[in-house]
Amino acid sequence: MTASTRLTPADTTLLLALCAAWGFAQVAMKLGGEGISPLVQAGLRSALAIPPLLAWCHFRGVRIFRRDGSLPPGLLCGALFALEFWAIFAALQHTTAARVAVLVYTAPFFATIATHFLLPDDRLTRRKLTGLLLALAGPPILFADRLGEAQLYGDALALLAGCAWGGTIATIKASRLTRIAPERTLLYQLAVSAFLVPLGYAMGEPGIFAPTAVVWLALAYQVLGVAVVSYVAWFWMVSRHPASRLAPFLFLTPAFGVVFAALILGEPITPGLLLALALVGAGIFVVNRA
């Protein structure tokens, strides 16, 4: 399908809904963490998303098993995905969902740095460097705004998650994964990260220790709402429009995350958090500006 250059009102509405859904994800993870330990929750999220994604691939006629050289980068992509979500779930045990939402979205800038060295046609420009510096000024402000050493540890884990996500983006861009169906790339990520469930139990995590209705609803949202529906909708949008036209909407995602964390979890919105959010959002906008 030829990519369109114009976003219709329906497209814009869908993009805003996706950003809101992803912004709420950290809140759902925080709620899920009240009854499921970090590694096990991250693994369950992936394992339970595999069957509906396989059904979608069957419906779309996407061939899953092909000998096309994508296995090594696919496994690397899956390992980085697993690291990202373990770090997010672990971070939420120590810091707020709002701070995690902001720090995780430093990912595009880690990806920008990596692809500068990996891809000769994706070098840093003055505009990208400006956006990079704007966004990376955000984490030090949040670290200075911490409430204690435990929160600093959680913030560092959230930044590690952003770095791992950036590594995933760079791996996809610099490998054969750019030439396969995006559903297959997502399956690599889900399949590898599903092994976090047995790993969590092997490391002594309690696993599912308080299975309340809220905990189950939070997990269901992560599986169906985020890992399946939102990603499939995003892939559909990318197939219809240039990625550069869609990417600026991403700066809204951490903003939604901060708002939802305040409204639902009652988390404080400090001046440092707002300043860091503004810097990260401005950086995303500048890097992706046409």
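User: Is the crossing of H1 and H4 left-handed or right-handed?
Analyst: This is a predicted model, in which local features need pLDDT of at least 70 and side-chain atom pairs count only at pLDDT 80 or more, while totals for chains, interfaces and linings use all residues. Residues are numbered from 1 along each chain as its sequence is written, and side-chain values use heavy atoms, without hydrogens and water. A crossing is left-handed if the near helix is turned anticlockwise from the far one by less than a right angle, and right-handed if clockwise. For H1 and H4 the crossing is right-handed.

User: How do H1 and H4 lie relative to each other?
Analyst: Helices (DSSP runs of H or I, at least four residues) are numbered from the N terminus. H1 (residues 9-32) and H4 (residues 97-104) have axes 9 Å apart at an angle of about 130°; axes are lines fitted to C-alpha atoms over the stretch in contact, and angles run from 0 to 180 degrees between N-to-C directions. Angles under 35 degrees count as roughly parallel, over 145 as roughly antiparallel, 65 to 115 as roughly perpendicular and the rest as oblique. The two helices H1 and H4 are therefore oblique.

User: Which residues of H4 meet H1?
Analyst: Contact means heavy atoms within 4.5 Å. From H1 come Gln26, Val27 and Lys30, and their partners in H4 are Ala97, Val100 and Ala101.

User: How many charged residues are in the contact of H3 with H9?
Analyst: The axes of H3 and H9 come within 7 Å and cross at roughly 55°, which makes H3 oblique to H9. Leu71, Gly74, Leu75, Cys77, Gly78, Ala79, Phe81 and Ala82 in H3 meet Thr185, Tyr188, Gln189, Leu190, Val192 and Ser193 in H9. Ala, Val, Leu, Ile, Met, Phe, Trp, Tyr, Cys and Pro count as nonpolar, Asp, Glu, Lys and Arg as charged, and the others, Gly among them, as polar. By class the contact of H3 with H9 has 9 nonpolar and 5 polar residues, and the number of charged ones is none.

User: At what angle do H2 and H3 pack?
Analyst: The crossing of H2 and H3 is right-handed. Its contact is made by Pro38, Leu39, Gln41, Ala42, Arg45 and Ser46 of H2 with Phe81, Phe85, Trp86, Phe89 and Ala90 of H3. The axes of H2 (residues 38-60) and H3 (residues 71-91) are 8 Å apart, and the angle is about 130°.

User: Which helix gives the most to the lining of the second largest pocket?
Analyst: On a 1 Å grid over the protein atoms alone, a pocket is an open set of points where a 1.4 Å probe fits, with protein on both sides within 12 Å along at least five of seven lines; lining residues have an atom within 4 Å of a point. Of the 14 lining residues, Ile64, Phe65, Leu71, Arg184 and Tyr188 are the closest to the centre of the second largest pocket. H2 and H9 (182-193) each supply at least two residues of its lining. With 4 residues, the helix that gives the most is H9.
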